[in-house]
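Hi everyone, thanks for coming. Please have a look at the sequence and the structure on the screen, and then I'll walk you through a few places in it.

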Amino acid sequence: MLLALGAVIGGLVLLVWSADRFVDGAAATARYAGMSTLLIGMVIIGFGTSAPELFISAIAAAQGNPGLALGNGYGSNIANIGLILGLTALISPIAVKSVVLKKEIPILIGITLLSGALLLNGQISRLDATIMLVVFAGVMAWTILQGLKQKANNTGELNDEIPEMTLGKACMWLAIGLLLLIVSSRLLVWGAVDIASSLGISDLVIGLTVVAIGTSLPELAAAFAAIRKGEHDLALGNVLGSNLFNTLAVVGLAGVIQPLDVAPEVLTRDWPVMALLTFSLLITGYGFKGPDLGRINRFEGAAMLLTFVAYLTYLVYTLTQVV
C-alpha cells in the first residue's frame, strides 16, 4: 500500500513537471516550424498524449478483450471534454478562435456521428475499423497541409512567453516530456489501481473509472500547463486532437486486431454522452460576441464538469448494482 501511495504521489509530481517541459518544447518547435500552436496541439500534443489509450487498447484487443478498447476510447473522450476542458475553463476561460469552429470542431462532430453509425449493427468489424483508420489518415493529411499553408501567417499567434531555446533543445524537451508524460501516467494509474484493489473495489469498476481517467491524465496536465502559459489554442487543440485520435485510431486499431462487440449500453449511454459533450464545444465556443472569437467561460466549464461527474456517478452506480 505504501509503495502504491508513493507511486501516486511521485507520478503526479512527475506528470506536472514533464507536462511543463513538453508544452515548452512544443511551443518552441512550433515557432521554428512556422506552424500555429493549434496545429502543434492537435498533431503532437493531442496524439502524443493519447499514446496510453492506444497502448492499452491494442494490448486489450490482442489479448482477447476488445470491449475494453471501445470503453477506454469513448471514456477518455468523455473525460477529455467533461473533466479536462471543464476544469481548465473553470481555472481560465478558454478563447476559441473562428478557425477552430469552422474546421476542427465540425470535423470532430462529423467523426463522432460516423462512429455512431458504425455502432448501429452491434459490432465494429475489421472493415469498419479500416474505414476509421483511412478517415484518420485523411484528416491528418488535411490538417497538416492546412497548417503548412497558413504557416506564413501563424508566427504572430505564438505567445511571447514561449521560452527561447535552440531547435535541438526544443526537440529534446518535446521528446523527453512526452516520454515522461506517458511513464508518469502509467505509474500513477498503477498506484491508484493497486490502492483500489487493496480496498476491495472490483476490477470492473477500476477499469471503467481509474483507467479511463488515468489515461487522460497527460491531456489534463498538458492542458493546465498550456493555459498557464496563455496558449489557449494549444489546450483546445490538445483535446480536439486527442478525441479525434481516440475515436478513429485507438478504436480503429483495436478493431483491426480483433472485431469489437458493441454492448447495448454503449449506444444508449456512452456514445450519447460523448456526442452531447462534443456538440457542446460548438455551442459554447461560438458565443454571441462576434464571429471571430468565442469563449468557453467558467459557467460553461462547470456545466461540462457536472455532466462528467453525473455520468461517472451513474456509471459507478449501475456497475455496483451488478457487482
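Let's begin with Leu 306, which is exposed, with a relative accessible area of 60%. For these labels, buried means under 20% relative accessible area, exposed means over 50%, and partly exposed is in between, using a 1.4 Å probe and protein chains only. Leu 306 sits in helix α13, residues 298-322. Helices here are DSSP runs of H or I with at least four residues, numbered from the N terminus. In sequence, Leu 306 is 224 residues from Gly 82, yet their C-alpha atoms are 7.6 Å apart in space.

A quick word on where this comes from. This is a predicted model, where local features need pLDDT of at least 70 and side-chain atom pairs count only at pLDDT 80 or more, while totals for chains, interfaces and linings use all residues. Residues are numbered from 1 along each chain as its sequence is written, and side-chain values use heavy atoms, leaving out hydrogens and water.

Now, the inside. How many residues does the largest nonpolar core have? It has 66, and Leu 70, Tyr 74, Leu 119, Ile 124, Leu 244 and Leu 281 have the most contacts inside it. Helix α11, residues 232-257, gives the most to this core, with 12 residues. Such a core is a set of buried Ala, Val, Leu, Ile, Met, Phe, Trp, Tyr and Cys residues joined through side-chain atoms within 4.5 Å. In soluble globular proteins, nonpolar side chains tend to be buried together.

Let's zoom in on Leu 70. Beyond its neighbours within four places in sequence, Leu 70 is in contact (heavy atoms within 4.5 Å) with partners including Leu 119, Ile 124 and Val 266.

Next comes helix α10. Is α10 largely enclosed or open? Of its 12 residues, 10 are buried, so the rest of the structure largely encloses α10. Among the buried ones are Leu 217, Glu 219 and Ile 227. After α10 comes Gly 230, with a positive phi near 80 degrees.

Finally, a charged pair. The structure holds one salt bridge, meaning a side-chain nitrogen of Lys or Arg within 4 Å of a carboxyl oxygen of Asp or Glu. Which side chains meet in this salt bridge? They are those of Arg 269 and Asp 270, at 2.8 Å from N to O. Arg 269 is buried at 19% relative accessible area, and Asp 270 is buried at 9%.

Methods. Helices (H or I, at least four residues) and strands (E, at least two) are DSSP runs, numbered from the N terminus.
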